Amino acid sequence: MRKKRQKEPGTPHVTVKIPKELIMDMDRLIGSHGFRSRGEIAKEAIRQLLNSYQNILPIFEVLNHDQNGVKVYDREQHRVADVIFKPEGIRCLLCESDICPHINFVFQQPTVREILRKKRLEGWKIPDF
Ligand SMILES: [Zn+2]
């Protein structure tokens, strides 16, 4: 199954391309086990797969980062933590704190450490790590 990351504006859904041979098997399931559509089958299959990987995926993941901060995905809370860098220091907007697991995680990222090291040299109140 190839995933397409294209967002469809106006809906909370995205299009995913699925090989025809899987579609034929999916269509055989429609009308049984409570499935009424390919979408329902795909959702259930993907949920089961993601649940099976839940314990091996890291709890935190960097979604993106720049000079102003880092977006951290928190798999336990199923939320995004925005960790922002400012001359006054570093702050997590999700935890509304300057000390939290997301900030600890951010400090462990080599590319972010380099950004923070430069900011510290510019006089920003970023704690040493
Ligand atoms: Zn946090």
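1. Two strands pair if DSSP finds at least two bridges between them, and that is the sense in which strand S5 (residues 79-86) pairs with S6, in antiparallel fashion, over 4 bridges. Within this pairing, Lys86 sits opposite Gly89 of S6.

2. A word on the model: it is predicted, with local features needing pLDDT of at least 70 and side-chain atom pairs counting only at pLDDT 80 or more, while totals for chains, interfaces and linings use all residues. Numbering starts from 1 along each chain as its sequence is written.

3. The chain holds 4 helices and 6 strands, where helices (H or I, at least four residues) and strands (E, at least two) are DSSP runs numbered from the N terminus. Their order from the N terminus is β-β-α-α-β-β-β-β-α-α. With a radius of gyration of 21 Å, well over the 14 Å from the globule rule for 129 residues, the chain is more spread out than a compact globule; the radius is taken over C-alpha atoms, and the rule is 2.2 Å times the number of residues to the power 0.38.

4. Now the sheet: 4 strands make an open, antiparallel sheet in the order S3-S4-S5-S6. Its edges are S3 (60-66) and S6 (89-92), each pairing on one side only.

5. Domain 1 covers 2-53 and domain 2 covers 60-121, with bounds from an automatic or database domain assignment. Their centres, taken over C-alpha atoms, are 34 Å apart.

6. Finally, the overall dimensions: the C-alpha trace spans about 65 × 25 × 25 Å along its principal axes.
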